[in-house]
Amino acid sequence: MIAKFGTNNMKGMFASDHYNNGDPICELEGLELSVRDRYTIQIGKTVHLNVSEPYRYMNHHCSPSVKIEGKIMLAAKDIEPGDEITFDYNTTEDVLACPFECNCCGKKIHGKFYEN
């Protein structure tokens with residue numbers, strides 16, 4: 001995996017190898033925290049993994065290339081070298097630290113349990 005500038009000159013994470021749908025890609029590493037921020041991935045009810053580069057540059061997508069199950073990253077479809085590695089933030093985060101409007105569909109990305 002590599003981090004580099006992708007579309008719209010934003011950083012992203014891109015595959016350096018081929019993965020088949022369902023393949024385990026890696027185990028995410030980082031410091032486990034009890035608070036969320038823009039660089040954490042929620043891996044438990046009150047556990048947020050502060051991932052380092054290149055994983056902190058995984059962008060959101062509503063049709064993602066990977067899914068996160070605990071600390072394990074799995075291919076959500078066939079991935080070719082150079083494809084961007086994305087995941088659906090709403091599948092891991094109860095409430096996002098920094099909600100935003102999705103570039104692919106225009107809906108608000110705020111987490112699974114967001115309350116207005």
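This is a predicted model: local features need pLDDT of at least 70, side-chain atom pairs count only at pLDDT 80 or more; totals for chains, interfaces and linings use all residues.

**Salt bridges**

Modeller: Gladly! Residues are numbered from 1 along each chain as its sequence is written, and side-chain values use heavy atoms, with hydrogens and water left out.

Biologist: Which side chain meets glutamate 32 in a salt bridge?

Modeller: That is lysine 71, at 2.8 Å from N to O. Glutamate 32 belongs to strand S4 (residues 30-33), while lysine 71 is in the loop between strand S8 (66-69) and strand S9 (72-75), so the pair ties together parts that are 39 residues apart in sequence. A strand here is a DSSP run of E, at least two residues long, and a helix is a run of H or I of at least four, both numbered from the N terminus.

Biologist: And the other pair?

Modeller: Lysine 67 and glutamate 69 form it, with their closest N and O atoms 3.7 Å apart.

Biologist: How is glutamate 32 classed by its relative accessibility?

Modeller: Glutamate 32 counts as partly exposed at 43%; buried means under 20% relative accessible area, exposed over 50%, and partly exposed in between, using a 1.4 Å probe and protein chains only. Lysine 71 is also partly exposed, at 27%. For the other pair, glutamate 69 is partly exposed at 44%, and lysine 67 is partly exposed at 40%. Over the 116 residues of the protein chain, 34% count as buried.

**Strands and sheets**

Biologist: How many helices and strands does the protein chain have?

Modeller: Zero helices and 12 strands.

Biologist: How do strands team up?

Modeller: Strands of a sheet pair through backbone hydrogen bonds, either parallel or antiparallel. Here, two strands pair if DSSP finds at least two bridges between them. Four bridges link S4 to strand S6 (residues 47-51), and leucine 31 stands opposite asparagine 50 in S6.

Biologist: What about strand S10?

Modeller: S10 (residues 84-87) runs antiparallel to strand S2 (residues 11-14), joined by two bridges; phenylalanine 14 has glutamate 84 as its bridge partner. Strand S7 (residues 59-60) is also joined to S10 by two bridges, but runs parallel, and asparagine 59 stands opposite threonine 86.

Biologist: Which bond joins glutamate 53 and proline 54?

Modeller: A cis peptide bond, with omega about 0 degrees. Proline 54 lies in the loop between S6 and S7.

**The largest pocket**

Biologist: Which residues lie nearest the centre of the largest pocket?

Modeller: Met58, Asn59, His60, Tyr89 and Phe100, out of 37 lining residues. On a 1 Å grid over the protein atoms alone, a pocket is an open set of points where a 1.4 Å probe fits, with protein on both sides within 12 Å along at least five of seven lines, and lining residues have an atom within 4 Å of a point. S2, strand S5 (40-44), S7, S10 and strand S11 (100-101) each supply at least two residues of the lining.

How values were computed
A salt bridge is a side-chain nitrogen of Lys or Arg within 4 Å of a carboxyl oxygen of Asp or Glu.
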